[in-house]
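Welcome! Please take a moment with the sequence and the 3D view below before reading on.

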Amino acid sequence: MTRTIVASATREVVIGFDQPFCVIGERINPTGRKKLAAEMVAGNFETVKQDALAQVAAGATMLDVNAGVTAVDPNATEPGLLVQTLEIVQDLVDVPLSIDSSVSAAIEAGLKVARGRPLVNSVTGEEEKLEAILPLIKKYDVPVVAISNDETGISEDPDVRFEVAKKIVQHAADYGIPAHDIVVDPLVMPIGAMGTAGQQVFRLLRRLREELKVNTTCGLSNISFGLPHRHGINAGFIPMVIGAGMTSAIMNPCRPQEMEMVRAANVLNGTDPNCYNWIMTYRDHQPATAGEAKAAATAPASSGGRRRGGREARRTRA
């Protein structure tokens with residue numbers, strides 16, 4: 001059984017098909033958050049601290065940490081800022097971290113100060129990226145997110161994305177990196193722009209699990225990009241994507257509806273034995289009144305969530 005081990009200084013987490021779904025908190029990321037970016041540039045990490053604590057309290061298994069505050073010379077600015085952010089977060093919470101950057105120098109700087117066994121986010125199928133990132137993965141003995149795009153961009157054909165993932169796994173093996181340390185991001189497309197996006201990712205996940213035998217992740221909110229009431233789509237997507245074989249996701253754990261679906265999927269998938277976590281979380285749960293439900297249904301939807309455009313933009317950096 002494929003198991004990807006990540007760890008903080010004090011806590012080990014296993015990502016795997018027989019494990020509870022791994023929720024990677026997305027909030028410590030200035031992409032699309034101008035206020036957070038400005039605070040981090042100014043050396044103000046109060047929002048970072050609040051987001052770290054809130055996500056862990058809401059049930060995040062891990063936290064993604066990104067310090068990409070600017071597209072202007074990130075090689076100069078990002079390594080130091082990422083190190084500072086990682087040190088603050090790991091002093092505050094004890095969950096494993098995901099070091100999120102497209103800047104090779106920032107990733108290595110982060111790996112030097114990270115405690116335990118962090119996840120690196122990410123490498124693509126581009127030859128230049130493979131040659132820059134895979135030696136670091138081997139040197140520091142850590143797992144890596146493999147994003148299924150290469151020099152040709154992101155294909156709308158899921159079979160092409162599978163071949164890119166396969167290429168990354170094979171290149172990693174050349175460096176002595178086992179497949180269980182590759183967590184593939186099959187790239188979830190927005191359902192509003194591509195009506196087959198859900199069907200595509202379900203089929204691709206099954207192939208990744210059965211043929212490559214790798215764990216998987218995604219930017220979960222990509223599926224709802226551009227639609228109203230995004231969190232309803234996200235919540236519906238979660239149990240379906242878990243059922244298809246996805247083992248982790250970068251998402252916002254502070255959305256109760258979405259976390260409820262994660263916990264329900266764990267129960268139904270057999271990774272919450274005796275429904276223990278479900279019972280402990282919801283035994284005192286009080287359903288919303290009719291008035292509260294109506295207010296929630298008519299309230300304006302927040303755009304929130306991980307932005308596909310921002311993530312794609314990060315892949316183009318050196």
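The report below goes from confidence to the sheet, then to one helix and a few backbone angles.

## About the model

This is a predicted model, in which local features need pLDDT of at least 70, side-chain atom pairs count only at pLDDT 80 or more, and totals for chains, interfaces and linings use all residues. Residues are numbered from 1 along each chain as its sequence is written, and side-chain values use heavy atoms, with hydrogens and water left out.

The pLDDT is the predictor's confidence in each residue, from 0 to 100. Its average over the chain is 92, and 90% of the residues score at least 70. Residues 300-318 have a pLDDT below 50; in the model this stretch makes 62 contacts beyond near neighbours in sequence, a contact being heavy atoms within 4.5 Å.

## The sheet

Helices (H or I, at least four residues) and strands (E, at least two) are DSSP runs, numbered from the N terminus. Two strands pair if DSSP finds at least two bridges between them.

Eight strands make up an open sheet with parallel pairing, and their order is S9-S8-S7-S6-S5-S4-S3-S10. At the edges are strand S9 (215-216) and S10, each of which pairs on one side only. Two bridges join S8 and S9 in the parallel sense, and Val 183 stands opposite Asn 215 in S9.

## Helix H9

How far apart are the end C-alpha atoms of H9? They are 20 Å apart, which agrees with the 20 Å that its 14 residues should span at 1.5 Å a residue; the expected span is 1.5 Å times one less than the number of residues.

Buried means under 20% relative accessible area, exposed over 50%, and partly exposed in between (1.4 Å probe, protein chains only). The buried residues of H9 include Glu 258, Met 259, Val 262 and Asn 266. The buried residues of H9 pack against strand S3 (22-28), helix H2 (46-58), helix H8 (230-243), strand S10 (248-251) and H10. Asn 277 lies in helix H10 and is partly exposed at 43% relative accessibility. The C-alpha atoms of Asn 277 and Asn 266 are separated by 9.1 Å, although the two are 11 residues apart along the chain.

## Positive phi angles

Most residues other than glycine have a negative phi. Leu 187 has a positive value near 70 degrees. Leu 187 sits in the loop between strand S8 (182-185) and helix H7 (197-212) and is buried, at 6% relative accessible area.

Asn 274 has a positive phi too, near 60 degrees. Asn 274 is found in the loop between helix H9 (256-269) and helix H10 (276-282), and is exposed, with a relative accessible area of 74%. Just after H9, Gly 270 has a positive phi of about 85 degrees.
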